[in-house]
Amino acid sequence: MLASLESALRKRQLEQQVENYRHRLEEMVEERTSRLHKALQHIERSYENTLQALGAAIALRDNGTADHSQRVCRYSLEIARAMGWSDEQSGRLAKGAYLHDIGKLGIPDSILLKPGPLTADERTLMQGHVQIGFDLVKNI
């Protein structure tokens with residue numbers, strides 16, 4: 001009987017150790033998940049700041065269309081809302097809409113800032129800003 005009690009006690013101690021270990025693992029997972037969540041928030045803030053800086057660069061380069069990117073973004077979001085897009089879809093759309101003219105950074109000032117109408121060749125170069133922009137942000 002004494003051996004049975006010792007065996008039961010040892011079993012209970014092992015079960016308690018396993019429970020304590022499981023509890024500690026859960027705490028570690030919770031702590032690391034929290035740290036990962038904070039790191040992801042930091043990355044998202046950095047990403048948003050980068051987008052804002054790129055948008056500001058576009059505005060500085062082509063100040064004749066001041067606030068154009070913001071307006072395109074707002075209109076795009078209104079359309080998305082009317083279409084019932086999710087918040088996640090709308091967020092991606094907003095980023096793309098905000099940067100839709102980023103390719104203008106690769107257009108020469110002589111064309112981008114030209115006060116009068118563009119020639120056919122200049123227009124072709126200006127239309128190339130779409131591909132330039134795509135190439136700049138396709139991996140983001």
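A polar contact of 2.9 Å joins the side chains of histidine 129 and aspartate 101. Histidine 129 lies in helix α6, residues 129–137. The model is predicted. The chain has six helices and zero strands.

**Histidine 129 and its surroundings**

- Histidine 129 has a relative accessible area of 11%, so it counts as buried.
- Leaving out residues up to four places away in sequence, histidine 129 touches His100, Asp101, Gly103, Lys104 and Ile107.

**Histidine 100, in the loop between α3 and α4**

- One of the residues touched by histidine 129 is His100. Histidine 100 sits in the loop between α3 and α4.
- Is histidine 100 buried, exposed or partly exposed? Its relative accessibility is 30%, so histidine 100 counts as partly exposed.
- The side chain of histidine 100 makes a polar contact of 3.0 Å with the side chain of histidine 68.
- Not counting residues up to four places away in sequence, histidine 100 touches His68, Ser69, Val72 and His129.
- Valine 29 is 71 residues from histidine 100 in sequence. In space, their C-alpha atoms are 40 Å apart.

**Helix α2, residues 68–82**

- Helix α2 has 15 residues, which should span 21 Å at 1.5 Å a residue. The C-alpha atoms at its ends are 21 Å apart, so the model agrees with that expectation.
- Which residues of α2 are buried? They are Ser69, Cys73, Ser76 and Ala80. These residues cover an arc of only 70° around the axis, which puts them on the same side of α2.
- The general rule is that an α-helix has 3.6 residues a turn, so residues three or four places apart point the same way.
- The other side of α2 carries exposed residues: Arg74, Tyr75, Ile79, Arg81 and Ala82.
- Helix α3, residues 87–98, is part of what covers the buried residues of α2.
- Just after α2, glycine 84 takes a positive phi of about 80°.

**Serine 69 and tyrosine 98**

- Serine 69 lies in helix α2. Its relative accessible area is 8%, so serine 69 is buried.
- The side chain of serine 69 reaches the backbone oxygen of tyrosine 98 at 3.3 Å.
- Setting aside neighbours within four places in sequence, serine 69 is in contact with Ala97, Tyr98 and His100.
- Tyrosine 98 is found in helix α3. With a relative accessible area of 17%, tyrosine 98 is buried, the cut-off for buried being under 20%.
- Which residues does tyrosine 98 touch, not counting those up to four places away in sequence? They are Leu51, Gln52, Gly55, Ala56, Ser69, Gln70 and Cys73.
- Tyrosine 98 and isoleucine 58 are 40 residues apart along the chain. Their C-alpha atoms are separated by 9.9 Å.

**Glycine 96**

- Glycine 96 also belongs to helix α3. Its relative accessibility is 42%, so glycine 96 counts as partly exposed.
- Arginine 123 is 27 residues from glycine 96 along the chain. The C-alpha atoms of these two residues are separated by 23 Å.

**The chain as a whole**

- Read along the sequence, the pattern is α-α-α-α-α-α. The radius of gyration of the chain is 29 Å, well over the 14 Å that the globule rule gives for 140 residues, so the chain is more spread out than a compact globule.
- Along its principal axes, the C-alpha trace spans about 105 × 30 × 20 Å.
- Of the 140 residues in the chain, 19% are buried.
- Take the contacts between residues at least 6 apart in sequence. Of these, 71% join residues at least 24 apart.

**Confidence in the prediction**

- The mean pLDDT of the chain is 91. A value of 70 or more is reached by 96% of its residues.
- Among the elements of the chain, helix α4 (residues 109–112) has the lowest mean pLDDT, at 90. Helix α5 (residues 120–127) has the highest, at 95.

Terms used
Residues are numbered from 1 along each chain as its sequence is written. Side-chain values use heavy atoms; hydrogens and water are left out. pLDDT is the predictor's confidence in each residue, from 0 to 100. Helices (H or I, at least four residues) and strands (E, at least two) are DSSP runs, numbered from the N terminus. The expected span of a helix is 1.5 Å times one less than its number of residues. Buried means under 20% relative accessible area, exposed over 50%, partly exposed in between (1.4 Å probe, protein chains only). The arc is that of the directions from the helix axis to the C-beta atoms. Contact means heavy atoms within 4.5 Å. A polar contact is a pair of N or O atoms within 3.5 Å; within protein, one must be able to donate a hydrogen and the other to accept it, and residues adjacent in sequence count only if both atoms are side-chain atoms. The radius of gyration is taken over C-alpha atoms; the globule rule is 2.2 Å times the number of residues to the power 0.38.
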